[in-house]
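Student: I have a chain to study and some questions about its fold. Can we go through it step by step?

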Amino acid sequence: MVTAVSWSRIRRQEETLREKVATVLLDHLSDPRIGFVTVTRVELSRDRRTAQVFFTVLGTDEQRRTTERALKSAAPAIQERIGRTLTIRFTPTLRFVYDETVEIESRVRGVIDGLSTDPEGPGDPGNAEEADHDSDPSEES
């Protein structure tokens, strides 16, 4: 059973790992295949031996795939570098996973924005029903 204290510790360790992986990618990795990467989150396994590192890449699908391959091949080197700075018993094995939630959120926002600008939509100020409800209160008596 996971208690609130251990849950909080795991979250802190995940955030620390996220920051350290991002720092290594930014400052210490000079692989030209790696594009503009953002580490969005890290999820530790229950036994804390594996960490899924979620990332996004600014660019095309091909740049994303190239970056993903480069990150997977660089994972042992990144793991070794961050392992020197961690204060935990062992360094988890890093598994890089492309984070699709940003793309999904962008698509949902596009749909919502499309609905809110739709002239036939329910929020249209030119809608006759709503115009009747918005009449001047001084005229009602």
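Tutor: Buried means under 20% relative accessible area, exposed over 50%, and partly exposed in between, with a 1.4 Å probe and protein chains only. Strands (E, at least two residues) and helices (H or I, at least four) are DSSP runs, numbered from the N terminus. This is a predicted model: local features need pLDDT of at least 70, side-chain atom pairs count only at pLDDT 80 or more, and totals for chains, interfaces and linings use all residues. Residues are numbered from 1 along each chain as its sequence is written, and side-chain values use heavy atoms, leaving out hydrogens and water.

Student: Do strand β1 (residues 36–44) and β2 run parallel or antiparallel?

Tutor: Two strands pair if DSSP finds at least two bridges between them. Eight bridges join β1 to β2, and V42 stands opposite V53 in β2. Their sense is antiparallel.

Student: Which residue takes a positive phi in the hairpin of β1 and β2?

Tutor: Look between the two strands, where the hairpin has five residues. A phi near 65° belongs to R48.

Student: In which sense do β2 and strand β3 (residues 93–98) pair?

Tutor: Six bridges link β2 and β3. F55 stands opposite Y98 in β3. The sense is parallel.

Student: Where does the kink in α2 lie?

Tutor: Helix α2 covers residues 61–83. A bend is the angle between axes fitted to the seven residues ending at a residue and the seven starting there. Here the kink is about 50°, shortly before the proline P76. It lies at A74.

Student: Which residues does I10 contact, leaving aside neighbours within four places in sequence?

Tutor: I10 sits in helix α1 and is buried, with a relative accessible area of 12%. Contact means heavy atoms within 4.5 Å. The C-alpha atoms of I10 and R48 are separated by 8.3 Å, though 38 residues apart along the chain. The contacts are L44 and R48.

Note on methods. A crossover is right-handed if, with the strands pointing away from the viewer, the path from the first strand over the helix to the second runs clockwise.
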